[in-house]
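Subject: Structure handover

Hello,

Here is the structure we talked about passing on to you. Please open it alongside this message.

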Amino acid sequence: MKGAVCCSCGAAALGSAMPLPLPSPSWFRASYSQLRVHSNHKQGGISHSASSAGPLSPSLPIRTAAGRARASAALPPPLAGPRAKRKRRKKQKEEAAASATAEGSEEECVPSAEEASISVGAVYQNGDPLGRRELGKCVVRWISQGMRSMASDFASAELQGEFSELRQRLGVGHGASIGGLGFVIRAQPYLYAVPMPKGLEALCFKACTHYPTLFDHFQRELRDVLQDLQRQAVITDWRATQSWMLLKDFANSAQHRAAVRKTPQSKAVHSGLGIELKKAKVMLKKIEDFVKQMSDLLRIERDAELEFTQEELNAVPTPESNSDLLKPIEYLVSHGQAQQEQCDTICNLNVISSSTGLGGLHLVLFKVEGNNRLPPTTLSPGDMICVRTCNSSGAGATSCMQGFVYNLGEDGRSITVALESRHGDPTFSKLFGKSIRIDRIQGLADSLTYERNCEALMLLQKNGLQKRNPSIAVVASLFGDKEDIMWLEQNHLIEWGESKLDGLVKKEKFDDSQLKAIALGLNKKRPLLIIQGPPGTGKTRLLKELITLAVQQGERVLVTAPTNAAVDNLVERLYDSWLNIVRVGNPARISSTVSSKSLEEIVNNRLSDFKKEFERKKSDLRKDLRLCLKDDSLAAGIRQLLKQLGKTLKKKEKETIKEVLSNAQVVLSTNTGAADPVIRRLDSFDLVIIDEAGQAIEPSCWIPILQGKRCILAGDQCQLAPVILSRKALEGGLGMSLLERASALHDGWLTTRLTIQYRMHDAIASWASKEMYEGLLKSSPTVSSHLLVDSPFVKVTWITQCPLLLLDTRMPYGSLYVGCEEHLDPAGTGSFYNEGEADIVVQHVFNLIYSGVSPTAIAVQSPYIAQVQLLRDRLDEYPEASGVEVATVDSFQGREADAVIISMVRSNTLGAVGFLGDSRRMNVAVTRARKHVAVVCDSSTICHNTFLARLLRHIRRYGRVKHAEPGSFGGSGMGSSPMLPSIS
Ligand SMILES: Nc1ncnc2c1ncn2[C@@H]1O[C@H](COP(=O)(O)OP(=O)(O)OP(=O)(O)O)[C@@H](O)[C@H]1O
C-alpha cells in the first residue's frame, strides 16, 4: 500500500484500477439533499471547528429535542476522578493544538518546491490510496480536512437518529455500482469547502476523484471522530456505533472491492443475443480492451486539461499584497482596473441571493459592493468561470468553485452565475458575507463531461452484452466481427436491409442516396446506421425527415450532437413540425431562438399558476412568522409549513419534468447532456440519432447510445474532429470518432453515403470535392451556378457575381498593409487577432449590404476566438450590420449562409499558420457558403502551408483576387457614404 495508512478494517489496502470522475451537479444535488446544514452554517459558511478542524464536540448539532434525548439516553456518565480529568485536559490541549494547526493550515500550507512541481500527469493512480509521496503534504492535508468534515457530519447524523440516511451518505445504492462513484460524489462538497492549497488546484482536482484515497482518509477520520466522541463520553464504544459498523460492512462489500480493484476483473460472459459463448467472450474482451484504452486516454486528456487549467489559474494576476491601500474598492470596480479588463476578472462581488433554477441549476446572484457598477468585462452568458473568495483587492483567492455565467444584470451592477454548488452546501455557504472574485477561465477542466464519459465506458463494459441492455445489438455490431453480425441477421435477430418507403416520403424532395439513407434508417430491426455526408449533402434535412417518420411509425427518439450549437440547429429545423419536442440542457447554453422548446421553459409555463399560488402562500406564511416570533412553538409550526411548501413545489416540479419528458416524442440534448438523470430515468428510447458524430469522441457517443434500441450516426469525418488537448491522448486514438471507426468496420457494411450537395456554387464545392472527397462530391444543377446576384433585391456588382474572392492584405509587390499584423491576445487565451483584417471584413460586409445582400444572409467566421470578439465589437458599432452572424468556425459547423467572409488572422514572417492548417477546419469554414466566399488573409504567410496554398490557387483560378487595404473603402465613414466597388 502506498503512502496513506490503512485503518483497522484493512479495506483501503485494496487497489483500484480506475480513478473516479468528478460528480455531476445533478448527482451533487442528490447528495446535497442529504447534507445537513448546521445552525452555525447559516452565515459565513461551514464552521471549520465542526467541519475541518476539530472533532465533534458535545454541543454537536442535535436539532430536535427528541434527538437530543435519544442521544443523551445513550450517553455514558462523564469521566470522573482526577486521572480521568487529567486525561481529558491533555486531550483537550491536543485537540486545541490540532485545531489550530488545521485552521492555520487553510492559509499556511505552503507547498515545498518539490510539491509545487508535481505534475498531475505523473500521479499514477491504481487501487492504492495516494499519499504524501504522490500528492505532497498540502494536498494530503486538504483531503484530510474535507474528509474530517464529512466524517463529522456522518457521525452527527447517527447521533441525530438519522441513520437511514447514512447508507445514502456512503453512496450505497445509486451510483455505487459503478465503482464507488456515489461515495466520491458525496465527498465533493466537503472537499471543496476547504480552500485548496494555492498552486496545487489541479492536483486537488485529480486526487478528489480517486475513490481509494478518499475512502482511506474518510475511514481514518471517522475512526478519530468516533474515538473523540467516546473520549467525551458521548458514546460508549466507537466500534459498536452504527456508523462504524456500516463503514466496515461497506468496506467488505463487493461494490467497494470492485471500486478498489487494481485490474478490471473479467466478468461472467452472458450472451444476451444468443451468440455462442466463445464468440461472446471474444466480444467482451474487445469491449474490455476498448474501455481500458479509452479510460486511460480520457485520464491523460483530463490531466492535460487540469494542467492547462492550473496554468490559467496561475496566470490570473492578483494584486500585490501591499497595494491594497492604493486600490480601494471604488477604484477596482468602477475604473476598470487593467487586470479586470484583460483577464475577464470581476472582483468585489457579494452574494445577494440564491435560487434553484429548473433541473436543479444553482443560481447565485452577485452584486458589486456599494453602489458601483460592474467593470467593463467580456464575460457573457455561458462562459465558464471560477468563483473564489478573496480580500477586497482580489488577492488571497481560495479554492475554485466551477460554474458558468447565467446572465448579466440589466442594472449593470449584478451578475448571475450557475454554480455546481448550492445554498446549504459547505462549499456554497463559504461565499456568504465574503468578497468574491470571478475569473473567466477558458480551459477550465470540465469535470462533468469527464465523469459522464467515464461512466458511459463503465456501463458499456458492465452492461454492453447483457440482455437488459436495450442497445445490445448496437454493441454487438460494433464489437463483433462481420461473421457475427451476419449470423445475427440469419437468425432474424437483426436486419440490415431497407424499409419500404411507399407513400411515406415525397420522393421528389430527395435524391436516391438520400432516399436510401431514409429507408435504411427507418428499418426498426437495423441496429446501426452510419450516414456519411460531405457538406451540403442534406444530412440535417434528412435527419429531420427521419425523425418525423420514425415518430410516425411509433418510435420515441433521442437526438443528440456533441455541441449545444449543433443541437440547437436541429431544434430549429424541427421547430415548426407537429412533433412534440423537448430540448434538455443548460438554459444558459441554449440558443434564445429555441428556448421555448427547452425543458425549463415548458415546465415553467406549465407551473406558472402553481408557482403564483406558491409565492402567495409563502409570503402569507412569512408574514405570520414575523408576527409570532415570540411564540416558539407557533413559529416552529410555521417554519415546518414553509418547509413543507418548498417540498411540495420541488415534488410538483419533478412530476412535471417527468410528465413533459415522458410525453415527448423527441428529446434533444448534447451527448453528455443525455447523461442527465432527467433523461436517464426515462424508459429507453426506440431510436438514438447522433448528428455531427464526426466531431464527438467515442466515449461521449456511448452516453446516448446505451439508452436506445438502435442508433443512427450522421456526420462527416472530413469536417471538424473532436478537440483533444493532449498529444498523447490524440496519438493514442481519443481523436478518432465512433463515426470514423464504425465506417471502416465490416467492409463499410454499416455505412451509407450521400453524394450530391445542394448548397454551394460549384466553384466553392469543387475545391472541397478535390481536396477532401477524392472528387466524389457532385453539385446539384439547382445550385451549381447560383450567385448572390440571383437573390431578390441584390444589385449587379462584380462582387455579387463572384463566388470566390481573395482579399489579400499583401500589396502586389509583397509588403504587408499597415495594421495587418497578427497579435497574440493579451488576455492570455493563446488566441490571435488582426485589426487590419477586422477592418477589411467590416468593409466587405458593407460592400455586400450596399449591394442588397441581407445582413442575415452574411456570416463572418474566424478560427480565432479573439478575432471573433474583435469583429463582433466592430460590427456592433453599425446598426445596419445587425443580423450579420459572427462566429468561430467550430461553432458554425452545420450552418450555412449565402455569403461567408473568413478572416484567417495569421500574418507573420515565420509562416506560422497554427490550426489554420487543419484541413478539416478549413473545409468547414469554406463549405458554409452558398453563393460567395471571401477569404481575408496575408497570402504570404498562408502560402507556407501547402494545403492553404492550394486553396488560394483555387480562388485565383476560379474567383477574384483583390489587394485590400484597411480603411480604403471609407473606413469609419462607410455607413453614410458607401463606395461600392464597380464592376471591373
Ligand atoms: N434533395 C434536396 N433538394 C434540394 N435541396 C436540398 C436537398 N437536400 C438538401 N438540400 C438543401 O441543401 C442545404 C444543405 O443541407 P443540410 O444543411 O441538411 O446539409 P448537411 O449535410 O447537414 O451539411 P453540413 O454537413 O455542411 O452541415 C440545405 O439548404 C438543404 O435545404
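This is a predicted model: local features need pLDDT of at least 70, side-chain atom pairs count only at pLDDT 80 or more; totals for chains, interfaces and linings use all residues.

Residues are numbered from 1 along each chain as its sequence is written.

Ligand surroundings

There are 17 residues around the ligand, and those that come nearest are Pro-535, Gly-538, Lys-539, Thr-540 and Tyr-758. A residue is near a molecule or strand if its C-beta atom, placed from the backbone, lies within 6 Å of it. By type, the shell holds 3 nonpolar, 8 polar and 6 charged residues. Here Ala, Val, Leu, Ile, Met, Phe, Trp, Tyr, Cys and Pro count as nonpolar, Asp, Glu, Lys and Arg as charged, and the others, Gly among them, as polar. Helix α20 (residues 539-552) supplies the largest share of the shell, 3 residues. Helices (H or I, at least four residues) and strands (E, at least two) are DSSP runs, numbered from the N terminus. Domain 2 (280-313 + 453-555 + 692-754) and domain 4 (762-963) each give at least three residues to the shell; the domain bounds come from an automatic or database domain assignment.

Open sheet

An open sheet is formed by 6 strands in the order β20-β19-β21-β22-β16-β23, with parallel pairing. Two strands pair if DSSP finds at least two bridges between them. At the edges are β20 (885-888) and β23 (960-963), each of which pairs on one side only. From one strand to the next, the twist averages 20°. Strand β19 (residues 858-862) pairs with β20 over 4 bridges, in the parallel sense, and Ala-859 has Glu-885 in β20 as its bridge partner.

Closed barrel

Another 6 strands make a closed barrel, β1-β2-β5-β4-β3-β6, and the pairing is antiparallel. The twist here averages 50° from one strand to the next. Strand β1 (residues 345-356) is joined to strand β6 (residues 435-440) by 3 bridges in the antiparallel sense, with Ile-346 opposite Ile-438 in β6. Between β1 and strand β2 (residues 362-368) there are 7 bridges, again antiparallel, and Val-351 stands opposite Phe-366 in β2.

Helix packing

Axes are lines fitted to C-alpha atoms, for helices over the stretch in contact, and angles run from 0 to 180 degrees between N-to-C directions. Angles under 35 degrees count as roughly parallel, over 145 as roughly antiparallel, 65 to 115 as roughly perpendicular and the rest as oblique. A crossing is left-handed if the near helix is turned anticlockwise from the far one by less than a right angle, and right-handed if clockwise.

- Helix α22 (residues 599-606) packs on helix α24 (residues 632-663) at about 120°, with the axes 10 Å apart; α22 and α24 are therefore oblique to each other. Their crossing is right-handed.
- Helix α16 (residues 447-463) packs on helix α26 (residues 698-705) at an angle of about 65°, with axes 8 Å apart, which makes α16 roughly perpendicular to α26. This crossing of α16 and α26 is left-handed.
- Helix α5 (residues 132-159) and helix α9 (residues 211-231) cross at roughly 55°, and their axes come within 8 Å; α5 and α9 are therefore oblique to each other. α5 passes α9 in a right-handed crossing.

Regards
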